[in-house]
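Visitor: I would like to go through this model with you. Could we take it topic by topic?

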Amino acid sequence: MAAQPVSRMLRRVLRSSVRSCSSGAPVTQPHPGEPSQPAVEVPSGRRRFLREHAAPFSAFLTDSFGRRHSYLRISLTEKCNLRCQYCMPEDGVPLTPKADLLTTEEILTLARLFVKEGVDKIRLTGGEPLIRPDVVDIVAQLHQLEGLRTIGITTNGISLARLLPQLQKAGLSAINISLDTLVPAKFEFIVRRKGFRKVMEGIHKAIELGYSPVKVNCVVMRGLNEDELPDFVALTEGLPLDVRFIEYMPFDGNKWNFRKMVSYKEMLDTLRQQWPELEKLPEEESSTAKAFKIPGFRGRVSFITSMSEHFCGTCNRLRITADGNLKVCLFGNSEVSLRDHLRAGASEEELLSVIGAAVGRKKRQHAELFLMCQDSPPAIPSISFRDSLHVQGLRHRVSFSSQMVTLWKGGRLPQIPLLAQRWLGSGLPQRHYGSHLDSDANPKCLSPEPWAPATPSGPLPTSDQLTHVDREGQAAMVDVGGKPDTERVAVASAVVLLGPVAYKLVQENQLKKGDALVVAQLAGVQAAKLTSQLIPLCHHVALSHVQVQLELDSTRHAVVVRASCRARGPTGVEMEALTSAAVAALTLYDMCKAVSRDIMLAEIKLVSKTGGQRGDFHRT
């Protein structure tokens, strides 16, 4: 999802533009001939604590609150092969010069020192750690360290299937794979790159090689992927996965606001509606996860409650950034450069003194973060429509997860629909877009088949009254509480007349704003799901399926939008289909308006509807 959800958030913090030593002063390297900087004194309060609580664990890695830091995360690189929209610009970010990054030998020297002092678990992170050319060699050399019990890696999964056999042979013992969505088109929209299939292959390879559980990290964000929680959980029925739902953490400078956070309890309530038997597992010491299991399922579900129920009191983690800075807290700004001390020729004792002083200054909890949480408004279900259009992806069929499990069991992966499929016609390639993932895994996402003309199915019963007006003539919502639940399907369409110039740019995907058809498609899906928030008297409908297709019409220099919505309930989905088609058309206008203002929206209409007491309708 993507640059891995945990490490992509780490990267935003670790690459802060202002870095300082824990003391507040910059770390400087002595000039040749000058003595090394004196070791920093361990605070007297911490010395007193260590005397009173004598333990075999290293004094240098024990803070003033008695927390023993046995878990070290090492960032191998700042680079990433994805460009997640909430993580970095499409063109990337300025990188630290290579000369300022830790060398392989420096990484191993520091790892050796920390393991000697009691660290028994090291996790390699990034950026994307698997793009570092010597990652296999680093794992192999870490595996030689006596006392190191676990070597883990957090990856976006793009290169995992290719490298995992070598990594396993080298000694890799734990894997976290980041994946924020199970919808291929939404994945590509979020990360601005292809790769969904590669991530799935990586998960499959990890299971095949015997990793159990394979941890899948999913950062849950309102308006983006919270509707996929049950689909992720369904994967654990037949697969040895630990799906870890992570509360979104709003770091300084992060463009996502606090309202995007979905709390642990809200996620748990959602899942218990479908699986009331969900049972809590005993918590492991120093674990950041609250683990649950559905009886009979192979895998389990965990929640990382970084925001709603922080775990600072049992934190045992330290972090080293790619440029060699030690961070004792993910949310803290203070860092001390171990790289500079290494390169200045500091002895092992001097390095331990610097590390011990930094650990000793670690706070009980990062107060600023939780004050921000308290001052922020609570997360709410409704979000800004304009904001949500830019982050919401496609909603897939409920059956998608069961298909994935079936295919995984057979050692096969689903065929992934492309976001663009070109069909040769008269002149330039024709482009077709659709959001439907067909149940037989055939790439119908962008279907080229012509649409059959609608045919009437008989007269539509009409009413002699406006149903949304009460006896006093006031607007009122219809009470559907007594109506039976039936399968409801509605199809609507719209036409956007672009003109020859804008049409050609859309056809060739040359608009400066980006791919107009993809953005319009996503906007149409999101609009269908938000219809009740836009049309005051519409009921909220739990849609089971939304499909948006866009087809270029060269004869009219137009884009034809077709939106289909399906739900089972007491009320129809005509408004959802019409809203979807209309907003997709408006989005096309917005994408193309800089090229031409002579764009027209036309023929927004209901094509067909089925289900309900008033009978079916099919426009001729």
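Guide: The conversation below covers the sheet, the cores and the aromatic pairs of this predicted model.

Visitor: Let us begin with the sheet. How many strands form it, and in what order?

Guide: The open sheet is formed by 12 strands, and their order is β7-β8-β9-β6-β5-β4-β3-β2-β1-β10-β11-β12. The pairing is mixed.

Visitor: Which are the edge strands?

Guide: They are β7 (279-280) and β12 (336-337), each of which pairs on one side only.

Visitor: And what packs on the sheet?

Guide: Helix α9 (residues 264-274) does, touching β5, β6, β8 (289-293) and β9 (300-304). The direction of helix α9 makes about 155° with that of β9.

Visitor: How do β2 and β3 run, and how many bridges join them?

Guide: Strand β2 (residues 121-125) and β3 run parallel, joined by 4 bridges. One of the bridge pairs is arginine 123 with glycine 152 in β3. Together with helix α4 (residues 135-142), these two strands make a right-handed β-α-β unit.

Visitor: What about β3 and β4?

Guide: Here too the strands run parallel: 4 bridges join β3 to strand β4 (residues 174-178). Threonine 154 has asparagine 176 in β4 as its bridge partner. The chain gets from β3 to β4 through helix α5 (residues 160-170), in a right-handed β-α-β crossover.

Visitor: Now β6. Why is it described as largely enclosed?

Guide: The reason is that 7 of the 7 residues of β6 are buried, so the rest of the structure largely encloses this strand. Leu241, Val243, Phe245 and Glu247 point one way from β6, while Asp242, Arg244 and Ile246 point the other way, and all are buried.

Visitor: Which strands does β6 pair with?

Guide: Strand β5 (residues 214-220) runs parallel to β6 (residues 241-247), with 7 bridges between them.

Visitor: What of tryptophan 275 and phenylalanine 297?

Guide: Their ring centres are 6.4 Å apart and their planes are at 80°, so this pair is edge-to-face. Tryptophan 275 lies in the loop between α9 and β7, and phenylalanine 297 in the loop between β8 and β9, so the pair ties together parts 22 residues apart in sequence. Both residues are buried.

Visitor: On to the nonpolar cores. How many residues has the largest, and which have the most contacts inside it?

Guide: The largest nonpolar core has 98 residues, and those with the most contacts inside it are Phe114, Ile122, Leu142, Leu179 and Phe245. Helix α3 (residues 104-116) gives the most to this core, with 7 residues.

Visitor: What does isoleucine 122 touch?

Guide: Leaving aside residues up to four places away in sequence, isoleucine 122 touches Leu72, Ile74, Ala111, Val115, Leu142, Leu148, Thr150, Ile151 and Gly152.

Visitor: What is in the second core?

Guide: That separate core has 35 residues, including Leu498, Ala520, Leu550 and Met591.

Visitor: Finally, where is threonine 579, and is it buried or exposed?

Guide: Threonine 579 is found in helix α18 (residues 574-592). With a relative accessible area of 9%, threonine 579 falls under the 20% limit and is therefore buried. Not counting residues up to four places away in sequence, threonine 579 touches Ala527, Thr531, Leu534 and Ile535.

Technical notes:
Residues numbered from 1 in each chain as written. Predicted model: local features only at pLDDT ≥ 70, side-chain atom pairs only at ≥ 80, totals over all residues. Heavy atoms only, no water. Core = buried A, V, L, I, M, F, W, Y, C linked by side-chain atoms within 4.5 Å. Buried < 20%, exposed > 50% of the residue type's maximum accessible area, 1.4 Å probe, protein only. Contact = heavy atoms within 4.5 Å. Pairing = 2+ DSSP bridges. Axes fitted to C-alpha atoms, helices over the stretch in contact; angles between N-to-C directions. Right-handed = clockwise from strand over helix to strand, strands pointing away. Phe/Tyr/Trp six-rings, centres within 6.5 Å; stacked < 30°, edge-to-face > 60°.
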